[in-house]
Amino acid sequence: MASDRSSTKASARSSAAAARGTDVVTLKAMRFHARIGVLPHEAEIAQSIEVDASLWVRRGGSRPTLKDIVDYRRVYDLVAEVVTKGHTNFLEEVGERIAARALELPLVERVRIAVRKPNVALPGPLAYAEVALERERA
C-alpha cells in the first residue's frame with residue numbers, strides 16, 4: 001500500500017511539472033543597422049545585421065496567462081537597445097550583451113542568440129557570417 005501512495009505522489013508531481021512546461025519564444029531575423037566590426041570604417045558607418053533570439057520560458061500553468069509569458073515587444077526593444085548602442089568590435093560581444101539582458105527577464109531560463117552580418121567583405125561568395133551562443137540562468 002505504501003508503494004501505491006508513493007507512485008500516486010510521484011504521478012501528481014510529474015503531472016504538475018508537465019503542466020508548468022517550458023515554451024520557446026523565438027524572434028527571427030530582426031534587422032538593425034549597427035556600427036560593428038574591427039575595421040576603421042566599421043566604427044563610423046552602420047551596417048546591416050540580423051539577430052535571432054530564442055528564449056526558454058517557464059510557465060506556471062497549463063494555460064498561458066499575462067503573468068507567465070514574455071512580451072515580444074520587450075524582447076525586441078532590448079535587442080534593439082543593445083545592437084544600436086555605440087560601436088562594438090565583435091558579433092560575440094553583441095550576442096553576450098543580448099543574452100545577459102534576456103536572462104534578466106522574469107521566467108526566462110535559457111537563451112540562444114544568433115547575430116549575423118550579411119554583408120561581409122571576403123574574397124568569395126558568402127551568405128553571411130554568424131555567431132550563435134547559448135546561455136542559461138545561473
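Predicted model: local features only at pLDDT ≥ 70, side-chain atom pairs only at ≥ 80, totals over all residues.

Q: Let's start with the pocket: what volume does the largest pocket have?

A: Rolling a probe the size of a water molecule over the atoms shows where empty space is left. Here the largest pocket comes out at about 360 Å³. It is lined by 20 residues, and Leu-39, Glu-42, Gln-47, Lys-117 and Val-120 are the closest to its centre. Helix 2 (40–44), helix 4 (91–103) and strand 5 (129–136) each give two or more residues to that lining.

Q: Now helix 3: which of its residues are buried?

A: An α-helix has 3.6 residues a turn, so residues three or four places apart point the same way. In helix 3, the buried residues are Val-75, Leu-78, Val-79, Ala-80, Val-82 and Val-83. They pack against strand 1 (22–36), strand 2 (47–58) and helix 4. Just past the end of helix 3, Gly-86 has a positive phi of about 70°.

Q: How many aromatic pairs does a search of the whole structure find?

A: The search finds 1. The ring centres of Phe-32 and Tyr-76 are 5.4 Å apart and the planes meet at 40°, so this pair is tilted. Because Phe-32 sits in strand 1 and Tyr-76 in helix 3, the pair ties together parts 44 residues apart in sequence.

Q: Are these two partners buried or exposed?

A: Phe-32 counts as buried, at 7% relative accessibility, while Tyr-76 is partly exposed at 35%.

Terms used:
Residues numbered from 1 in each chain as written. Heavy atoms only, no water. 1 Å grid on protein atoms, 1.4 Å probe; cavity = no way out; pocket = protein on both sides within 12 Å on 5 of 7 lines; lining within 4 Å. Points joined across faces, edges and corners; volume = space filled by probe spheres on them. Helix = DSSP H or I, 4+ residues; strand = E, 2+ residues; numbered from the N terminus. Buried < 20%, exposed > 50% of the residue type's maximum accessible area, 1.4 Å probe, protein only. Contact = heavy atoms within 4.5 Å. Phe/Tyr/Trp six-rings, centres within 6.5 Å; stacked < 30°, edge-to-face > 60°.
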